[in-house]
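The entry is shown below.

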Amino acid sequence: MKIEYSKRFHSIPPYIFAEIEQLKSKKRKEGVDLIPLGIGDPDLKTPRLIIDELIKQVQVSDNQNYPSSMGEEDFRLAIQRWYKIRFGVELDAEEEVSGLIGGKEGVANLTRAFVNPGDIVLCPNPGYPVYENGATKLSDGIPYLMPILEENNFLPDLEAIPTEILKKAKLMFINYPNNPTGAIINTDFLKALNDLSEDYNFFIAHDNPYSEFTFDDYIAPSILQLSKNQVEINSASKIFCMTGFRCAWIAGNKEIIYGIRKIKSQIDSGCPIFIQKAVIRGLNEYRSSQRPEIVLENIKIYEKRRDVLINGLNEIGWKVNKPKATFYVWAAIPENDPNSMDFVKKLINVGVILTPGIGFGQYGEGYVRFALTQPSERIREAIDRMKKVI
Ligand SMILES: Cc1ncc(COP(=O)(O)O)c(C=O)c1O
C-alpha cells in the first residue's frame with residue numbers, strides 16, 4: 001500500500017524546531033541544567049478556587065455526559081456577562097457566543113466556514129503560526145502575510161496592503177496584545193482596521209488571549225468595542241493559567257458564530273462540562289472592568305519577571321524595550337550573530353532555551369522570543385549565562 005499525503009498536507013511547513021529539540025535532549029543527557037524560556041505555557045498555578053470548583057463539578061454525574069460543542073448555556077451566559085463587565089459590550093449568549101476547545105481550535109476551524117479555495121486570509125507575520133497554516137492553508141486559502149515590524153510598533157502597515165488583495169480577502173487575523181512581539185493596540189488603530197474591513201467586505205478575527213496580561217496602566221481593548229460585526233477569540237488558557245484544560249470562546253457577529261458552530265458540530269463535542277463550570281467560577285470573580293485578584297496576583301509576578309529580564313539584558317549591553325503586555329519579550333539578536341536559529345543554538349550550549357524569531361515567520365528573523373515562564377532567580381541565572389556568550 002502506498003500512503004499519499006494530500007496537497008493540503010504538504011502545504012504545511014515541516015516542524016522547524018526539530019533540530020532545537022534534538023540539541024536540547026542531547027544537552028539534557030549530558031547533564032546540562034536547562035533554563036526553558038522558550039514555550040509560552042504559564043508556569044504559575046491555576047487559581048485554587050477554580051480547581052476546587054472543578055473537583056466539585058467533575059463528581060456531578062450530569063457533568064460527565066457529552067457537552068454541547070457550542071458550549072453549555074450557563075457557560076455562554078458567563079461569557080456574555082464577562083464581555084459586559086470587562087469591555088462594556090452587550091452580547092446575546094443565544095446567538096453571539098460559542099464555546100471552543102481552546103483558542104487554537106477556534107482559529108483553525110473558523111476559516112472552514114468562510115474560506116473558499118483561493119480566497120485570501122490576511123495574517124500577521126511574525127505571528128502565531130496557526131493563522132497561516134492550520135487556519136488558512138488547511139482551508140485551501142492563501143495567506144497574505146502582513147509584516148508587523150518594529151518601525152511600525154509591530155502594527156500592520158494598512159496602506160501597504162494592495163487593493164487587489166483587500167478585495168479578495170475573506171478575513172483578517174489580528175492578535176493584540178501580541179504573541180510574539182508583546183506589542184499592544186489602541187482603539188484608534190482598531191477603528192482603522194474596522195473601517196478597512198467594512199470598505200473591503202472582509203471580517204476581523206481578533207485573537208485576544210492576552211487581553212488580561214497587561215502591565216503598568218495599560219488595559220487591552222477588544223474589537224467588539226468597535227463593532228459587533230467582527231469576532232473576538234479569547235481563552236481561559238492564559239487568563240487563569242489553564243492551558244491544559246482546553247477551554248475558550250468566540251464572540252461577536254452572529255452569522256460568523258453560526259458558521260463556526262455548524263463546523264464544530266461536525267468535528268468535536270465541546271469542552272467537558274465540568275471544565276466549563278470551573279471556568280465560569282473564574283469568570284464570575286470579575287465584579288468590575290478591573291481584573292480580579294486571582295488574575296492580578298499572577299500578572300504582578302510576570303511584571304516583576306519582565307523587569308528582571310529587561311533590566312538584566314540592558315545591563316549586559318543587550319538593549320530591549322519593556323513590553324506593556326503578554327509574558328513575552330521580543331528582542332533583536334545582537335548584531336554580530338547571523339540569524340535567530342544559530343543564535344538560539346549557541347544559547348542552548350549554555351543551557352538557555354529561547355524561541356528563534358524565524359519560528360514565527362520570515363519577518364520574525366533577526367529576533368528571539370523570551371517567555372517569562374521561570375522564576376526571577378532563574379531568569380537572573382539565564383542572564384549571567386548569556387553574558388558569557390553574546
Ligand atoms: C496568539 C495565540 N492565539 C491562540 C493561542 C492558543 O491558545 P489556547 O490555549 O486557548 O488554544 C495562543 C497560545 O499560545 C496564542 O499565543
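## Aromatic pairs

Rings of Phe, Tyr and Trp (its six-membered ring) are paired if their centres lie within 6.5 Å; planes under 30 degrees apart count as stacked, over 60 as edge-to-face and the rest as tilted. In this predicted model, local features need pLDDT of at least 70 and side-chain atom pairs pLDDT 80 or more, whereas totals for chains, interfaces and linings use all residues. Residues are numbered from 1 along each chain as its sequence is written, and side-chain values use heavy atoms, without hydrogens and water.

One aromatic cluster comprises Phe75, Trp82, Tyr83, Phe87, Trp249 and Tyr286. The structure holds 22 aromatic pairs. For Trp82 and Tyr286, the ring centres are 5.8 Å apart and the planes stand at 90 degrees, so this pair is edge-to-face. Both residues are buried (under 20% relative accessible area, with exposed over 50% and partly exposed in between; 1.4 Å probe, protein chains only).

## Ligand surroundings

The ligand is surrounded by 14 residues, the closest being Gly103, Asp207, Tyr210, Ser235 and Ser237; a residue is near if one of its heavy atoms lies within 4 Å.

Oxygen atoms of the ligand lie 2.9 Å from a polar backbone atom of Lys104, 2.8 Å from a polar side-chain atom of Asn179 and 2.7 Å from a side-chain N or O atom of Tyr210. The protein covers 91% of the 400 Å² of accessible area that the ligand has on its own (Shrake-Rupley method, 1.4 Å probe).

Tyr210 also forms an edge-to-face pair with Phe213, at 6.4 Å centre to centre and 80 degrees between the planes. Tyr210 and Phe213 are both buried.

Note on methods:
A polar contact is a pair of N or O atoms within 3.5 Å; within protein, one must be able to donate a hydrogen and the other to accept it, and residues adjacent in sequence count only if both atoms are side-chain atoms.
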